[in-house]
Structures are given as C-alpha cells and as structure tokens.
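Thanks for asking me to look this one over with you. Please have the picture open while you read, and follow the points in order.

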Amino acid sequence: MDKLIKQVEQIVNSYNTMIEDANAQCLKGNKAAGTRARKASLDLEKMLKEFRKQSIEASKK
C-alpha cells in the first residue's frame with residue numbers, strides 16, 4: 001500500500017505541474033510551457049496506467 005500512496009502523490013505533483021504549465025501557455029502565451037505540459041500529460045498517462053495495474057494487483061491480495 002505504501003507504494004500506491006507514493007504513486008498517488010507523484011501523480012498529484014505531476015498533475016499540478018502540468019496545470020501550471022498549461023495555464024502559462026493559455027494565459028501568457030508561453031510556448032515552452034505548452035511543450036512541458038504536453039510532455040507531462042504523456043508522463044501522467046504512463047503513471048496512471050502503472051497505478052491502475054498495481055491497484056488491481058493490490059486488491060487481489
């Protein structure tokens with residue numbers, strides 16, 4: 001369970017960073033922030049898939 005908690009914390013931190021970068025792109029026109037936000041969204045997708053896999057595994061125990 002500790003591993004899942006750490007994963008959730010990492011997902012939340014990455015999500016918050018992505019939101020900040022997305023806002024910087026939308027509100028300030030910062031193109032580099034848009035690039036970072038898109039990269040973060042791909043990283044989040046991977047993290048969420050891993051979380052789902054481990055969550056299912058943990059629920060079987």
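**Notes on the model**

1. N30 caps the N-terminal end of helix 2, with a side-chain oxygen 3.1 Å from the backbone nitrogen of A32. Helices here are DSSP runs of H or I with at least four residues, strands are runs of E with at least two, and both are numbered from the N terminus.

2. A word on what you are looking at. This is a predicted model, in which local features need pLDDT of at least 70 and side-chain atom pairs count only at pLDDT 80 or more, while totals for chains, interfaces and linings use all residues. Residues are numbered from 1 along each chain as its sequence is written, and side-chain values use heavy atoms, with hydrogens and water left out.

3. Now the overall picture. The protein chain has two helices and zero strands. Its C-alpha atoms fill a box of roughly 50 × 15 × 10 Å along the principal axes. The radius of gyration is 14 Å, whereas a compact globule of 61 residues would have one near 10 Å. That radius is taken over C-alpha atoms, and the globule rule is 2.2 Å times the number of residues to the power 0.38.

4. After helix 1 comes G29, whose phi is positive, near 75°.

5. Next, which residues are hidden? Buried means under 20% relative accessible area, exposed means over 50%, and partly exposed is in between (1.4 Å probe, protein chains only). By this rule, 21% of the 61 residues of the protein chain are buried. In helix 1 they are L4, Q7, I11, M18, D21 and A24. In helix 2, the buried residues are A33, G34, A37, A40, L44, M47 and Q54. The cover over the buried residues of helix 1 includes helix 2, and the cover over those of helix 2 includes helix 1 (2–28).

6. The largest nonpolar core has six residues: I11, M18, A37, A40, L44 and M47. Helix 1 and helix 2 are the elements that give two or more residues to this core, and helix 2 supplies the largest share, four residues. Such a core is a set of buried Ala, Val, Leu, Ile, Met, Phe, Trp, Tyr and Cys residues joined through side-chain atoms within 4.5 Å.

7. Look at A40 in helix 2. Why does A40 count as buried? Because its relative accessibility is 13%. A40 and M18 are 22 residues apart in sequence, yet their C-alpha atoms are 5.7 Å apart in space. For S41, also found in helix 2, the relative accessible area is 34%, so S41 is partly exposed. S41 and I19 are 22 residues apart in sequence and 9.6 Å apart, C-alpha to C-alpha.

8. Two glutamines are worth a visit. Q7 lies in helix 1 and Q54 in helix 2. Q7 is buried, with a relative accessible area of 12%, and Q54 is buried, with 12%. Not counting residues up to four places away in sequence, Q7 touches E50, F51 and Q54, while Q54 touches K3, L4 and Q7. Contact means heavy atoms within 4.5 Å. The side chain of Q54 also makes a polar contact with the side chain of E50, at 2.6 Å. A polar contact is a pair of N or O atoms within 3.5 Å; within protein, one must be able to donate a hydrogen and the other to accept it, and residues adjacent in sequence count only if both atoms are side-chain atoms.

9. Finally, find A24 in helix 1. A24 is buried, with a relative accessible area of 16%. Leaving aside neighbours within four places in sequence, A24 is in contact with G29, N30 and A33. The C-alpha atoms of A24 and G34, 10 residues apart along the chain, are separated by 7.5 Å.
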